[in-house]
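This report concerns a single protein chain. The sequence and the structure are shown below.

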Amino acid sequence: MADAATQLPWEAVIGLETHVQLGTDSKIFTAASTTFGDEPNTHIDPVVCGLPGTLPVLNQKVLEYAVKAAMALNLNIAEHSKFDRKQYFYPDLPKNYQISQFDQPIAEEGWIEVEVAEKGKDTYLKTIGIERLHMEEDAGKLVHAGSDRLAGSTHSLVDYNRAGVALAEIVSKPDLRTGREAAEYASEIRRIMRYLGVSDGNMQEGSLRCDVNISVRRGPDAPFGTKVEIKNMNSFSAIQKAVDYEIKRQVKAYEAGEPVVQETRLWDEGKQLTKSMRSKEGASDYRYFPDPDLGPIEVSAEQREGWRAELPELPAAKRHRYADDLGLSQYDARVLTDERQMADYFEAVVTAGADAKLSANWITGDLAAYVNSNRLSFAALPFRPEQLSEMVQLIDGGKISGKIAKEILPELLEKGGSPKAIVDERGLGMISDPAAIEAIVDELLGAHPEEVEAFRGGKTKLQGFFVGQLMKKTGGKADPKLANQILSQKLKGG
């Protein structure tokens, strides 16, 4: 008879190691440029290559960005930390060791709040613990000829432009349980880094990459299973799909009595599965020791507080404020806060006097579509926040209809300008004089006696016909609410 433990459902235990390229102009220990996309091997120097007689010097901006990132993740900043050498040989690591941080990282013990939203399921909040953030240098990049990866290639070329670029590695605690949670966590990390301005988070360019560690166990009280790592995930959808696949693969293996080995695997997007890459190294394999060329790092209380004062309001705080103070839905709050520029634009519109919900509808709808299709940013949009606020207030105050706003919007998006001035100049203001609307209604009813008779005979849906005729005759300028009231009264014989 099976024991009780084997009857419990399987639970996944997931942690992420997120590598964030810090957006400094120069590399972590040298003045070499970090510009992306230039000719291979044009941004290297003797320090990057570790040539004899060279000495690394820590880039002060890297330290500032790392500390700000750590603060935003609620981590405790170490007063004293150090750099270590992590020994391993690989062709894209010119020194044959990587300068990183091992036992004394710059920050430890933090957390972030993640909003987990999935179609067809309830949205929920989850707090994810963060074990540490440490600074290190990036490796170069191998380009495999004849194949997109090492297997099957005829030869490989190495580009050291990325070698020595500053990284912040963020290690989560094993608090994630599903592929969706993992993808949302990674997305929130990128969102926070972009809000801070410490990284562009561009996954297509490798500015943010994730390694995912996954094991499964029988129930929440069981010991952890054997951990498998999936390397270099560079999209949120890939993270979710790879995690979900790997959970099923491990459960299937255990239930078939097969072992799950500790290894590093890769996600094959084409085949939608994970494939074994190599056995997983342990910390002892890297032979860490303190880097003799770099002194200890000290961050004073004064320096910490100065940098803390420069932090912006972060996405989670904005989401709560938009929902609690402005009355927006969770969905609207989430969309508006996804990018800082959109959130800043929205807040400027509301500050100028517009209704929050109406403003959100225009920004997440027509304006976002225009920005995305034209590859613009909200900061570069010719239609400025105060101008949108003016338009929203015209609609909200019954001065123009939504239809009129839609008609003038393309011009405003292209050139900007005052919506009120355009409305006044072209005579597009709403007709809200009851006597004027009543006269038009009388004219319409007189022109359509058969439809009037049919309405009074029970075909009440014909009111929509008369509304359409009225709007057509007035060019969409009749006050819809008032027009419906007068039409309804007249059609009923009033």
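## Overall form

The model is predicted. The chain contains 16 helices and 16 strands. Its radius of gyration is 30 Å, whereas the globule rule gives 23 Å for 494 residues, so the chain is more spread out than a compact globule. Along the principal axes, the C-alpha trace spans about 95 × 65 × 50 Å.

Buried residues make up 47% of the 494 in the chain. Among contacts with a separation of 6 or more, 70% are between residues 24 or more positions apart. The accessible surface comes to about 24100 Å², and carbon and sulfur atoms hold 51% of that area.

## Charges and salt bridges

The chain carries 60 positive and 75 negative side chains, with the centres of the two sets 4 Å apart. In the whole structure, 40 salt bridges are found. One network of salt bridges links Glu115, Glu188, Arg191, Arg319, Arg334 and Asp338.

Arg217 and Glu11 form a salt bridge through their side chains, at 2.9 Å from N to O. Arg217 belongs to strand β11 (residues 208–218) and Glu11 to strand β1 (residues 10–21), so this pair ties together parts that are 206 residues apart in sequence. Both partners fall under the 20% cut-off for burial: Arg217 has a relative accessibility of 9%, and Glu11 has a relative accessible area of 18%.

A salt bridge of 3.0 Å, N to O, joins the side chains of Glu269 and Lys241. Glu269 sits in the loop between β13 (263–268) and β14 (273–279), and Lys241 in helix α4 (residues 236–255), 28 residues apart. Glu269 is partly exposed at 41% relative accessible area, and Lys241 is partly exposed at 30%.

The salt bridge between the side chains of Lys403 and Glu407 is 2.9 Å from N to O. Both residues lie in helix α11 (residues 402–415), with a spacing of 4 residues, or about one turn of the helix. Lys403 is partly exposed, with a relative accessible area of 47%, and Glu407 is partly exposed at 44%.

Val441 lies in helix α13 (residues 434–447). The relative accessible area of Val441 is 0%, and the residue is buried.

Leaving aside residues up to four places away in sequence, Val441 touches Leu470, Ile486, Leu487 and Lys490. Val441 and Ile486 are 45 residues apart along the chain, yet their C-alpha atoms are separated by 7.7 Å.

Technical notes: Residues are numbered from 1 along each chain as its sequence is written. This is a predicted model: local features need pLDDT of at least 70, side-chain atom pairs count only at pLDDT 80 or more; totals for chains, interfaces and linings use all residues. Side-chain values use heavy atoms; hydrogens and water are left out. Helices (H or I, at least four residues) and strands (E, at least two) are DSSP runs, numbered from the N terminus. The radius of gyration is taken over C-alpha atoms; the globule rule is 2.2 Å times the number of residues to the power 0.38. Buried means under 20% relative accessible area, exposed over 50%, partly exposed in between (1.4 Å probe, protein chains only). Contact means heavy atoms within 4.5 Å. Accessible areas come from the Shrake-Rupley method with a 1.4 Å probe; for residues, only the protein chains shown count as cover. Lys and Arg count as positive and Asp and Glu as negative; His and the chain ends are not counted. The place of a charge is taken as NZ of Lys, CZ of Arg, CG of Asp or CD of Glu. A salt bridge is a side-chain nitrogen of Lys or Arg within 4 Å of a carboxyl oxygen of Asp or Glu.
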